Amino acid sequence: MKKIEAIIKPFKLDEVRESLSEIGINGMTVTDVKGFGRQKGHTELYRGAEYVVDFLPKVKVEVVVSDALVEQTLDVILKAAKTGKIGDGKIFVTNVEQVVRIRTGETGESAI
């Protein structure tokens with residue numbers, strides 16, 4: 001099993017969620033986050049004073065999938081989240097040792 005974390009632009013969330021649902025991934029965790037990479041933030045004007053906003057709003061989508069679904073999940077997220085502009089985000093894939101569904105006690109892939 002793998003955990004896929006995608007940091008994306010907030011306005012792309014619905015498109016990513018719908019695309020993941022189409023391939024059978026219905027469970028996910030979504031968190032509002034802030035960060036920066038090559039974008040390095042931006043400058044804003046407030047009451048005549050200029051200031052730098054270092055951290056930009058992003059959304060982190062987390063899903064755990066079987067090894068067989070990893071490539072398809074990555075492709076779906078890439079297509080749905082891509083705008084072609086700087087700041088589209090990143091995707092991280094990590095190993096998951098164990099999953100336990102609290103309600104039933106199921107473990108492994110049946111608990112996803």
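## Basis

The model is predicted, so local features need pLDDT of at least 70 and side-chain atom pairs count only at pLDDT 80 or more, while totals for chains, interfaces and linings use all residues. Residues are numbered from 1 along each chain as its sequence is written, and side-chain values use heavy atoms, with hydrogens and water left out.

## Fold and dimensions

The chain has two helices and six strands, in the order β-α-β-β-β-β-α-β from the N terminus. Helices (H or I, at least four residues) and strands (E, at least two) are DSSP runs, numbered from the N terminus. Among contacts (heavy atoms within 4.5 Å) between residues at least 6 apart in sequence, 72% join residues at least 24 apart.

The radius of gyration is 17 Å, whereas a compact globule of 112 residues would have one near 13 Å. This radius is taken over C-alpha atoms, and the globule rule is 2.2 Å times the number of residues to the power 0.38. Along the principal axes, the C-alpha atoms fill a box of roughly 60 × 30 × 20 Å.

## Burial and core

Of the 112 residues, 31% count as buried. Buried means under 20% relative accessible area, exposed over 50%, and partly exposed in between (1.4 Å probe, protein chains only).

A nonpolar core is a set of buried Ala, Val, Leu, Ile, Met, Phe, Trp, Tyr and Cys residues joined through side-chain atoms within 4.5 Å. The largest one has 16 residues, and those with the most contacts inside it are Ile4, Ile8, Val16, Leu20 and Val63. Two or more residues each come from β1 (2-8), α1 (13-22), β5 (56-65) and α2 (70-81); α2 gives the largest share, six residues. Leaving aside neighbours within four places in sequence, Val63 is in contact with Lys2, Lys3, Ile4, Leu20, Ile25, Gly27, Met28 and Thr73.

Ala80 lies in helix α2 and counts as buried because its relative accessibility is 4%. Residues up to four places away in sequence aside, Ala80 touches Lys12, Glu15, Val16 and Ser19. Its C-alpha atom is separated by 20 Å from that of Ala68, twelve residues away along the chain.

Ser66 lies in the loop between β5 and α2. With 16% relative accessibility, Ser66 also counts as buried. Not counting residues up to four places away in sequence, Ser66 touches Met1, Glu109 and Ile112.
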